[in-house]
Amino acid sequence: RNINGRVTDRRNVRAGDIPGIEIRAAGTASGSELELRLRVFPMGSRLYEAAVLGRPGDLTEADVETFFGSFKIEVSR
């Protein structure tokens, strides 16, 4: 809602062994076009999320994957 956006894609993803979803959205804020990539991982009573927000074309797919790839959830057993 912050970017007045609409969902353009949704897919299943994983952070290690933890399943989650990735949502892509496009919208605007202050007259600028924006793209959002959000990954959400529900785990028990917690919800972990990581997001990338920027103007279209500002970040490469490799940049986005490097960022999301650095997101780790440590599970105590």
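Student: Is R24 buried or exposed, or in between?
Tutor: R24 is partly exposed, at 27% relative accessibility. Buried means under 20% relative accessible area, exposed over 50%, and partly exposed lies in between, using a 1.4 Å probe and protein chains only. This is a predicted model, where local features need pLDDT of at least 70, side-chain atom pairs count only at pLDDT 80 or more, and totals for chains, interfaces and linings use all residues. Residues are numbered from 1 along each chain as its sequence is written, and side-chain values use heavy atoms, with hydrogens and water left out.

Student: Which residue does R24 form a salt bridge with?
Tutor: With E61; the closest N and O atoms are 3.8 Å apart. R24 sits in strand β2 and E61 in helix α1 (residues 61-69), so the pair links parts of the chain 37 residues apart. A salt bridge here is a side-chain nitrogen of Lys or Arg within 4 Å of a carboxyl oxygen of Asp or Glu. Helices (H or I, at least four residues) and strands (E, at least two) are DSSP runs, numbered from the N terminus.

Student: And what else does E61 form a salt bridge with?
Tutor: R37, with the closest N and O atoms 3.1 Å apart. That pair joins helix α1 to strand β3, 24 residues apart. E61 is partly exposed at 43% relative accessible area, while R37 is buried at 9%.

Student: Where does E22 come in?
Tutor: E22 also forms a salt bridge with R37, the closest N and O atoms being 2.8 Å apart. E22 lies in strand β2 (residues 18-29) and R37 in strand β3 (residues 32-43), 15 residues apart. E22 counts as buried, at 1% relative accessibility.

Student: How many salt bridges in the whole structure?
Tutor: Nine. Through shared partners, salt bridges join R11, E22, R24, R37, R39, E61 and E65 into one network.

Student: What is I73 in contact with?
Tutor: Leaving aside neighbours within four places in sequence, I73 is in contact (heavy atoms within 4.5 Å) with A15, I18, F41, M43 and Y48.
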